[in-house]
Amino acid sequence: MSINKRSKQGIDSPPVKTVGNIFDKVQLTKLLIHTLKELGYNNAAGALQEESGGVQVESNVVQRLFGYIKQGKYEVISFDLLNSLSLRVTNHDPANNGNVNRNFIDRNTSININDIISSDLNIAAVTANFDTQYKMFFDFYTNTTFNTVSLNRFRNILEIMILINKHFFVEMIYEVKDLPSAVLFLRSIIRKYLTLWDTVLTGLQTNIIDEDIVFTPEKVLRELSSILTMPEVTIKNNNRDNNNGNTGTNLWTGSVRSSRQELIDKISFYINPNDLVPQGRLIELLRQAIKYQRSCNSYNIFDDEIDVDFSQEDPVNLLQNNISDFERINFVEQKTLASNMDEIWYLEFSPNGKYLAAAIANSISDRKVIVYDVENDFSVFKILRGNSQCILYLSFSKDSKYLVTCPFNEHTNIYDITSEGETIELNADKGEPPQSSRRNSLESGKKEKTTIETQIIGPLDSFCIPNSSSKIQERSGSSMHSTGNETYNTSSPYSDTQSPSSAPDSTTSSRAATDNLIEQTENSLRSWCCDWFHTEKHSGKLVIGSPDRDVVIYDTNTRAIIYRFSQNWNLRSRRASTSVYRGSHGSDNSNPLRHSSRESQTGAVVNMLMDEQFPRIHDLKVSHDDNYLLLMTHQGTINVFNISNLPTNDELKGLGNSVLSNHYFKMETKLKIGKNITCISLPMPSCENYRRLSSLVLVNLQHNELQLWDYKENILIQKYFGQKQEQFIIRSCFGFDNKLVVSGSEDGKVYIWDRLKGNIIGVLMGHANDRLPTRSGSNARKFSKNCNVVGWSPTNKYMFASGGDDGLIKIWRVIKD
């Protein structure tokens, strides 16, 4: 007869659910004892261990090994001792993982080491012992028949021994300061272990090619050799890397006690958790639990790929579930800039975050670009004139000194926004061009006073992209498509019929080369997009793209075009056609039928290559390491070129202003989006997670959709829906440390998604309300309700801006409730 458990406890006692029904009681006890010791509660840990019947966090073998290390008794560490350890199944890189779980504990508590620490080393005895143990390692490896599992275990034991050898070598230099003995130990002992280690890795067919792996035979030897030549510099660089959060090897922490504890931490990653509770295990479990709790909330922008923030600014409450509600993050309008008389087509913050440039679709006056001073309450800092057409694109240089404007016509202006200029009057409420004023803006002190800066192009009023090979116009029969003059709709950069993604391309001429009529004209190429290079080696260079089938690299240092991608494209076609020609004139020319067939096939391929012109480019981006160039084409593809072999500024000094006609850039990938694309965006490099996200590109599609791609892997990662985009170019961006995707919309709203999950977390009524006309009478300007562009500050994760057809610029702030 079974006995009811509740009756044993008493009728009124609630049922008790023991931890043994959920978790292994011994494992949980080990975890508690280990955590109490980590937190410094050694007496409580001892009492729990005694009450539990002597449950040990470390096995006897582990205790012996760690005791020898703490006391510096390296001369008694043997192959047999290491071989008796119970090891993990998986392998680890101890140099990378040694500090992962200790960070939270080290910042808040001190870990007590009760063992006796001795810095007295018997160098001769230790050297002799390690030499003897090497022979045992070598004999065991030579006389044993291994399978993959057993060989992998031997590798782990050998790596533990190498870690101990390495640490002993470091102690001889930094603690004992016996450099001659250290040199002899490296040459006679460590080199032999490293050679055996490399042989074992070869037997496992382990090709160590990951640059992030620190603990490899080659890197260990290089590291120890550098210590011998420059011991102080090596340890200083190592400490600096660790303080900056970079992967370090913790060669020497400054004391014997802490350095030996670092060695124990590294060895711990090899030990079976049943024999040794991993360092910071409870903290890691809490992190995982909080990540899971936050991931269950669709309105939380927490990025699962980023570690939980345990900083004091955002403390985690362990006494309740950490699931945020809808109000955890909110977006509020901070300021409205209403000094513009026409639609806002483009916005961009300067890389230093001090300026906000806005492109105005102004058809009345010459005020096409206004630069706002972010740090001075967004007062007008500069007004850029000299653009006869509406501006489609803006781009700041890396140093925030220069600004490029791409108007609708052929002229591209480059401004130095730090130079002085003429003071003018800003009349926001009148539809008249601003008049020059002789009053000094410093004397008036009014916000409406601004200056017009000079351009850096020398004698030219504007920078045109001349087509050295002349513009190509194709004619098929009586049909002709000219790209010299195009009308446009002032309501937005492109209407449905004039958009670069939807306009008909009338270059579909006959395949026969004799049917193509190529005319030479002196018209310049239009520049509709641009981007600066970002690294110091390419400082002053920028890329300009054109819908007239060309992309050029311009160098402001020499004030010249140094490269044309259309020539690169033609070189590619010539290589292909030459290869086909050679293949068609091989052996077996005696057969006239076969020869005729080959000539016919060759002619068709050559004609096809001639027709395969360089695509029309409507947007482009340079990766922030300057290794890749992304070109958004009219055909609905994104062509990714590897430009890492572009000569640096120093290498170009000997070339003068000549074009790199023989240079060739390889196309790495082609993203076949398959739909009309309007623009592309890259993650912000100022964020900590940029390195992991550097290969992402955000793509705006004409049919109410955004897509996130990995352009290096050619993989579609995520899609975002909700905003409206059917007729006009709507520009988007990454935000809030690249955790958000933000876009404007043709309904005047700002849409915000979680980048990782793809769900909408905010919709802002930014430009959806009516704006009263700025003028009266028949010339009154009626504003529409498109939100054309959003831009996020690269230096302030809580601030972004939006611009719309209402002529307003809204400054938004992220509020964490």
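Mentor: Happy to; one definition to begin with: two strands pair if DSSP finds at least two bridges between them. Helices (H or I, at least four residues) and strands (E, at least two) are DSSP runs, numbered from the N terminus. This is a predicted model, where local features need pLDDT of at least 70, side-chain atom pairs count only at pLDDT 80 or more, and totals for chains, interfaces and linings use all residues. Residues are numbered from 1 along each chain as its sequence is written, and side-chain values use heavy atoms, with hydrogens and water left out.

Trainee: Good. What stands opposite Asn-700 in β24?

Mentor: That is Leu-706. Strand β24 covers residues 705–710 and runs antiparallel to β23, with 6 bridges joining them.

Trainee: Is β23 mostly covered or exposed?

Mentor: Covered: 6 of the 6 residues in β23 (696–701) are buried. Buried means under 20% relative accessible area, exposed over 50%, and partly exposed in between, with a 1.4 Å probe and protein chains only.

Trainee: Which way do the β23 side chains point?

Mentor: Leu-696, Leu-698 and Asn-700 point one way, while Val-697, Val-699 and Leu-701 point the other way, and all are buried. In a regular strand the side chains alternate between the two faces of the sheet.

Trainee: What about the hairpin of β23 and β24?

Mentor: There are 3 residues between the two strands, and Asn-704 takes a positive phi near 55°.

Trainee: Switching topic: which residues touch the most other members of the largest nonpolar core?

Mentor: Leu-65, Phe-130, Phe-137, Phe-169 and Ile-267, in a core of 57 residues. The elements giving two or more residues to this core include α4 (60–71), α8 (123–143) and α13 (256–268). Helix α9 supplies the largest share, 15 residues. A nonpolar core is a set of buried Ala, Val, Leu, Ile, Met, Phe, Trp, Tyr and Cys residues joined through side-chain atoms within 4.5 Å.

Trainee: What is Phe-130 in contact with?

Mentor: Leaving aside neighbours within four places in sequence, its contacts include Tyr-74, Met-161, Phe-168 and Tyr-193. Contact means heavy atoms within 4.5 Å.

Mentor: There is also a second, separate core of 46 residues, which includes Ala-359, Tyr-402, Val-404 and Tyr-554.

Trainee: Why does Thr-29 count as buried?

Mentor: Because its relative accessibility is 13%. Thr-29 is in helix α2 (residues 25–38) and touches Leu-48, Ser-52 and Val-55, not counting residues up to four places away in sequence.

Trainee: What order do the strands take in the open sheet of 4 strands?

Mentor: The order is β14-β15-β16-β17, with antiparallel pairing. Strands β14 (529–532) and β17 (560–564) are the edges, each pairing on one side only. Between β16 (residues 550–555) and β17 there are 4 bridges, and Asp-555 has Ala-560 as its bridge partner in β17.

Trainee: Last one, how many helices and strands are there in the protein?

Mentor: It has 19 helices and 32 strands, and buried residues make up 50% of its 817 residues.
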